[in-house]
Amino acid sequence: MPAEFFSEISDAATIPNYYYFDGSTWKASGSGKSVPVVSPIDNAVVGTLPIVTHEEIDTVLQVAGDAQAAWEATPLFKRVGIIHLAADWIRHFQEYMGNLLIREIGKSSDEAKGEIVRTADLIDYFADEAQSIQGTTLDSDNFPGFEKGRIAMIERVAHGTVLAIAPFNYPVNLTASKIAPALLMGNSVVVKPPTQGGISATHLVRIFQKAGVPPGVITTLTGTGEVIGDYLVSHPKVSMVAFTGNSDTGLAIAGKAAMKPLLFECGGNNPVVVMPDADLAATAREIIKGAFAYSGQRCTGIKYVLTTPAIRDQLVAIVMKTLPEMVKAGDPRSPDTKLVGPVISEEAAKRIEEAIAVSVKNGATLVTGGKRDHAMIEPTVLTGVIPSMPVIAKETFGPVVSFVDVASFDEMASIINRSSYGLQASIFTKDEGTGLVFAKKLHVGTVQINGSPQRGPDHFPFLGVKNSGVGVQGVRYSLEAMSRIRPIVLNKPQ
Ligand code: G3H
């Protein structure tokens, strides 16, 4: 690694004036415009990200397109080697990047450092798995009326240039989960990072560049969604869009991306069903972890719990008793803080506060929490919530869990299936058979039995239905999604 690499990855304030490769040289954006990255911890400016111009986007996408064929033609074992090297360097910078994440997005120390390690492991797993992606052949005589000898040779090829749009809540991991499969399948990648988390994501891209991905094959384009978002997603030189973010943005991107292949992970409101026979102590712990980890800012976060009034009374009592052991709201830099810190901005906190207040005004009962201090929202538990209330109807993305009373299994399924979201659901029961039967009634991507909703382990399939996503992620599934099949048919001479 050149010495310059180490100095770059040592000062967050210097990195954002970032380089893109214009085909002959590395350049910083000449727009003269930038957006500050403001820490949710103390409103301090962590750094600034340039807002690139549309002309710079044109240049970067031209260069990415030009560089892609040579990258795809690079032997897989060499691409695999580069990707493993990037994973090694991410581990090397774990401490630095973890601290940067804490400042940029207010993630707790454990969660921030955990994100970096998980990212390196994920990248390694991608590189290993890519080596087993193979083509296939088909003969013609299986189909009625066809003789033997017409052979389809089906191989996997790149889409071209993949636009990777990542969210603030996992700016390193959910950027890497797009970059690694895209590169391994031979695509060029243009990363549009979130504003908060954009410095960390830019470091990540720099690591891939320094690990040996050729100039132009991977680039970061920073700027606000309002200025560059529509231009990027509808750009004719973008071949595929991989996006993680909220459902409204996902729907807007899908509308603009026209016929491009899409791989989207969007919002979720992830219900939990508690059957009368569930182990309530274990269930309470999973609910707390699922609802409050990273202050509820996970698309897989638990948003509401469906159970009968009798179980709800017992469960809420156990949740309230367990809450102080598992959650300590505070400054994410403090080792004492557990799960809940500030949400991403004061503006976001005000939206959450409002959703709680309106739900309470409409009849929900505040068991604990509900108050806001700048970007901090107290861990909040509500009962008597109905699905039309704002804490459930829209993804709250804050440390709030709502209990909804139901009378029957059918009512539970009907509430879940009526939602516009369909990411995950959890069922808690001692009877796995009952869990399996009920799981099949739910129109969501994944059902967890006796565990909270979650993406990992990262080689498991991960998908949303309805407004929660398009396509399937998870190591092998992402590699497949980031490529297409190319059949070439050898016809038998007549
Ligand atoms: O926020 C969206 C993430 O994909 C959730 O991942 O379940 O590992 O927190 P997680």
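**Exercise 1.** In what order do the seven strands of the open sheet lie?

*Solution.* The model is predicted: local features need pLDDT of at least 70 and side-chain atom pairs count only at pLDDT 80 or more, while totals for chains, interfaces and linings use all residues. Residues are numbered from 1 along each chain as its sequence is written, and side-chain values use heavy atoms, with hydrogens and water left out.

Step 1. Strands (E, at least two residues) and helices (H or I, at least four) are DSSP runs, numbered from the N terminus. Two strands pair if DSSP finds at least two bridges between them.

Step 2. The order is β14-β17-β18-β13-β12-β19-β20, and the pairing is mixed.

Step 3. β14 (365-368) and β20 (446-449) each have a single partner strand, so one side of each is left without a neighbour in the sheet. From one strand to the next, the twist averages 25 degrees.

**Exercise 2.** Find which strands helix α10 touches, and its direction relative to β18.

*Solution.* Step 1. Contact means heavy atoms within 4.5 Å. Axes are lines fitted to C-alpha atoms, for helices over the stretch in contact; angles run from 0 to 180 degrees between N-to-C directions.

Step 1. Helix α10 (residues 280-292) packs on the sheet and touches β12 (271-274), β13 (304-307), β17, β18 (400-405) and β19 (424-428). Its direction makes about 130 degrees with that of β18.

Step 2. Helix α14 (residues 409-418) also packs on the sheet, touching β12, β13 and β18. The angle between the directions of α14 and β13 is about 155 degrees.

**Exercise 3.** Identify the residues that touch the most other members of the largest nonpolar core.

*Solution.* Step 1. A nonpolar core is a set of buried Ala, Val, Leu, Ile, Met, Phe, Trp, Tyr and Cys residues joined through side-chain atoms within 4.5 Å. Buried means under 20% relative accessible area, exposed over 50%, and partly exposed in between (1.4 Å probe, protein chains only).

Step 1. The core has 83 residues, and those touching the most other members are Ile179, Leu183, Phe208, Leu306 and Val391. Helix α5 (residues 109-130) gives the largest share, eight residues.

**Exercise 4.** Is Ser247 buried or exposed?

*Solution.* Step 1. Ser247 lies in helix α9 (residues 247-257). Ser247 has a relative accessible area of 6%, so this residue is buried.

Step 1. Beyond its neighbours within four places in sequence, Ser247 contacts Cys266, Gly267, Tyr421 and Asn467.
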